[in-house]
Amino acid sequence: MTYSAAEVPPSLSDRLTESILGIIRDGGLGPGDAIPSARELAKRFAITTPTVREALRKLEATGAVEFRHGSGTYVGPTINNVVLANPHRPPITKDSVLQLISARLVLEPAVAAQSAVARQPENLERLEAAVTNALIPPGGPAFALNFHVELAAASGNPLLQEVLSSLLKVRVREQQQIRALYDNRERDHEEHQAIVEAVRAQDAAEAERLTREHLDNIRRAIESAPEWS
């Protein structure tokens, strides 16, 4: 393949990431499935093991693969996502955090309304399990369930769930900053619980209003925060 003067040919590690993703797709592998070791991949592609490890680290940064110490390399949770994180993104800013909130304000209130109409009993169970996450302080244990992703799941549209999950993973640092700045855990929990009750009652208008109000409260907290570098 030839490239024009304006095009930059992909690096060897970039080509390798595509080849490794091809192995995963062609093998029908899903999240949690083991993939060949770096040494095995190096033999398969007739290249050095450090080069393969560089490609695997790039994939790890997007969540497409994950390393388990003493166990091996496995397909990661984002392998089927429509959006993958850019591991080379610049540092977060107040503006980038506000952009995330603005994007969520476009998506989540409408999703909450749809979820109130379409939710199933198992969705309510998962939302109830996720709602207490709001009480966990920033830097605490990782969530088993993400409230906002579970709210999207209740819509019955897997693509809405995937889009929101991908957005929060792509902008995970901004989301962490949001939790640090919107630091009234009790208030966060109460707002989440109110949304759950509206979804339980299948009150689409109330679920939409409460979700918008919740995100507006977060936006105001971010806007009033001092700038950071």
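**Salt bridges and surroundings**

Modeller: The count of salt bridges comes to 13. Please keep in mind that this is a predicted model.

Colleague: Which residue does Arg200 meet in a salt bridge?

Modeller: The side chain of Arg200 meets that of Glu128, at 2.3 Å from N to O. Arg200 lies in helix H9 (residues 185-200) and Glu128 in helix H5, so the pair ties together parts that are 72 residues apart in sequence.

Colleague: Which residues are linked with Arg200 in a network of salt bridges?

Modeller: Glu128 and Glu197 are linked with Arg200 in such a network. Arg200 is partly exposed, at 33% relative accessibility, and Glu128 is partly exposed as well, with a relative accessible area of 28%.

Colleague: And Arg171, what is its salt-bridge partner?

Modeller: Arg171 forms a salt bridge with Glu174, and the closest N and O atoms are 3.3 Å apart.

Colleague: Is Glu174 buried or exposed?

Modeller: Glu174 is buried, because its relative accessible area is 0%, and buried means under 20%. Arg171, by contrast, is partly exposed at 24%.

Colleague: What about Arg68, which residue does it pair with?

Modeller: Arg68 forms a salt bridge with Glu66, where the closest N and O atoms are 3.1 Å apart. Arg68 has a relative accessible area of 36% and is partly exposed; Glu66 is partly exposed too, at 28%.

Colleague: Changing topic: which residues gather in a patch of positive charge on the surface?

Modeller: The patch consists of Arg39, Lys43, Arg53 and Arg57. Helix H2 (38-45) and helix H3 (49-62) each supply at least two of the residues in this positive patch.

Colleague: Where is Arg57 found?

Modeller: Arg57 is found in helix H3. Its relative accessible area is 46%, so Arg57 counts as partly exposed. That value passes the requirement for patch residues, which is over 30% relative accessible area.

Colleague: Which residues is Phe143 in contact with, leaving aside its neighbours within four places in sequence?

Modeller: With those neighbours left aside, Phe143 is in contact with Asn133, Ile136 and Arg179. Asn133 is ten residues from Phe143 along the chain, and their C-alpha atoms are separated by 6.6 Å.

Methods: Residues numbered from 1 in each chain as written. Predicted model: local features only at pLDDT ≥ 70, side-chain atom pairs only at ≥ 80, totals over all residues. Heavy atoms only, no water. Patch = residues over 30% accessible without salt bridge, like charges linked within 9 Å, V, L, I, M, F, W, Y side chains within 5 Å. Areas by Shrake-Rupley, 256 points an atom, 1.4 Å probe, with all protein chains shown as cover. Salt bridge = Lys/Arg side-chain N within 4 Å of Asp/Glu carboxyl O. Lys, Arg positive; Asp, Glu negative; His and termini not counted. Charge placed at Lys NZ, Arg CZ, Asp CG, Glu CD. Helix = DSSP H or I, 4+ residues; strand = E, 2+ residues; numbered from the N terminus. Buried < 20%, exposed > 50% of the residue type's maximum accessible area, 1.4 Å probe, protein only. Contact = heavy atoms within 4.5 Å.
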